[in-house]
Every structure is written in C-alpha cells, then in structure tokens.
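Thanks for coming. I will go through one model this morning, starting with a pair of helices and ending with some backbone details.

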Amino acid sequence: MAGDKDGELSNMAVLFDLDGTLVDTAADLAASMNHALTVAGHDAIPVSEVRHLVGFGARRMIMRGYELSAGRAAEAREVDRALSRFLNHYQENIAVHSRPFDHVVEMVESLRARGARMAICTNKREAMARRLLDTLGLAPLFDSIVGADTAASPKPDPAPVRLCMAQTGAEKAVFVGDSDTDIRAAAAAALPSFIADFGYGPLALADQATAIFSDYRSLQPMIESALQR
C-alpha cells in the first residue's frame, strides 16, 4: 500500500471480542456467578462449566448457571436478584484473576503503530467492559468500545460491528473472536473473522471462519494480509 510504514494500515481497524478473545476472564466471572448462586442457596459450578456460558450476556449466563446448579429454570425474580448480586460482585472483583492472553497486547501495539485502529465489540455491558479494560490498563489501546447495551442489538446481530466501524472511521476491518456468535456477527457485517481456538466457544461454525488461530504471534501476519488485500 502507498504511504509510509507507520501509516500503511490507516483507515483500517481490528475489532476484538473481549471475554475469551482479548482477556481470559473466566475465573472472575465464575467467582461472581458462584457468589450469586451460593447466596441463593445453590451449589457453585466449576470454572470449566462457566467458560462455555460466556459470550451471551450476563442474564443468559445467570439463567444457564441456575439450570446447572439448581437443576431447574430460574423464575424471573430469581434471575433479577441473582443478576444484581452477580453484577455488584463482579464490578468490585473484575480483574482479580483476569489477564490478557499471551502476546495479544504486543500485537495490538504493533498494529496501532502502523496506523490501524482498534475496537472492542463485546456482549459484555459497555460499563463493565470499560471497567475491565481500565483496571488492566488496556483502555488507551482502543479507539472504540461497544458493549451489548451500546448498539441496538448484541452480537450476532451486525449492529455492534457496524457501530465499531463507524466509531473508528475505518473503511476496512477484520474481526477477532472466539465463538460462533463472533463468526455470525462478522459474516453478517461482511468482515473476515479470525477465531481463537483457546477461547470459550462454542465453535460449531469453525469451518465458516476465515481462519482459526492458536497463538497471537501467528495471527498478526494473517490480519495484515487480510487488511492489505
């Protein structure tokens, strides 16, 4: 592409899912879910189970947690109480164990140095996403942070993807995620999708992704190639 090295990816963006893609948040989410469940008199559930509940929003995660713990569907008032406890606990303990995945920060910084814009497109509530990124010192790396409650509808609807594009001003972008939800959202917005196989899934639609990756060091050249086509 034309232009100097530091600007060769200008007007382009990389959109990231948050939980299970940029940051490993499962342990803190599990702690907050189990706080809500045990206060209500139900058993805690393992972190391994919680990993697969992430990505659909807090309310659906709580509803599924109730089914696993109590062996039944929760009543609406139970979900409301549990959700309130979950959110309060999570807000105060949002990054006890949560950390960025290996090499992702270096990749983001490298792409930014070449002019690319960075965005978060998550089904986490925007305020919680911002709190997590602020706590981890990552917020300054991103030009746009769009949560489940920011756009008209959450992923897999393309609305939050398109809002990220609008907020970054990018003319071209790729999507980095870890689940079928991300694959579907990217496809609906006509973006290439690069999917982490170490995330939370599910990945029944893996064959519909542009590529699956296991290490952020191998992802960077794939992103650069896709943006520069």
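A definition before anything else: a crossing is left-handed if the near helix is turned anticlockwise from the far one by less than a right angle, and right-handed if clockwise. Helices (H or I, at least four residues) and strands (E, at least two) are DSSP runs, numbered from the N terminus.

Now the provenance. This is a predicted model, in which local features need pLDDT of at least 70 and side-chain atom pairs count only at pLDDT 80 or more, while totals for chains, interfaces and linings use all residues. Residues are numbered from 1 along each chain as its sequence is written, and side-chain values use heavy atoms, with hydrogens and water left out.

The helix pair is H3, residues 58-70, and H4, residues 76-92. Their axes come within 10 Å and cross at roughly 115°. Axes here are lines fitted to C-alpha atoms, for helices over the stretch in contact, and angles run from 0 to 180 degrees between N-to-C directions. H3 and H4 are therefore roughly perpendicular; angles under 35 degrees count as roughly parallel, over 145 as roughly antiparallel, 65 to 115 as roughly perpendicular and the rest as oblique. The crossing of H3 and H4 is right-handed.

In contact terms (heavy atoms within 4.5 Å), H3 contributes Ala58, Arg59, Met61, Ile62, Met63 and Tyr66. H4 meets them with Glu78, Val79, Asp80, Ala82, Leu83, Phe86 and Leu87. By class, the residues of this contact are 10 nonpolar, no polar and three charged. Ala, Val, Leu, Ile, Met, Phe, Trp, Tyr, Cys and Pro count as nonpolar, Asp, Glu, Lys and Arg as charged, and the others, Gly among them, as polar.

Leu219 is buried at 0%, and Gln220 is buried at 16%. Leaving out residues up to four places away in sequence, Leu219 touches Met107, Val176, Phe194 and Phe213. With that exclusion, Gln220 touches Met107, Ser110 and Leu111.

Helix H8, residues 180-188, has Asp180, Thr181, Asp182, Ile183, Ala185 and Ala186 buried. Their cover includes helix H7 (159-168), strand E6 (172-177) and strand E7 (193-196).

Last, the backbone. Ala190, in the loop between H8 and E7, has a positive phi of about 60° although it is not a glycine. Ala190 is exposed, at 68% relative accessibility. Asn11 also has a positive phi, near 65°; it lies in the segment before strand E1 (12-16) and is partly exposed at 29%.

Where are the cis peptide bonds? One joins Lys155 and Pro156, with omega about 15°; Pro156 sits in the loop between strand E5 (144-146) and H7. Another joins Gly201 and Pro202, with omega about 0°, and Pro202 is in the loop between E7 and strand E8 (211-213).

Terms used. Buried means under 20% relative accessible area, exposed over 50%, partly exposed in between (1.4 Å probe, protein chains only).
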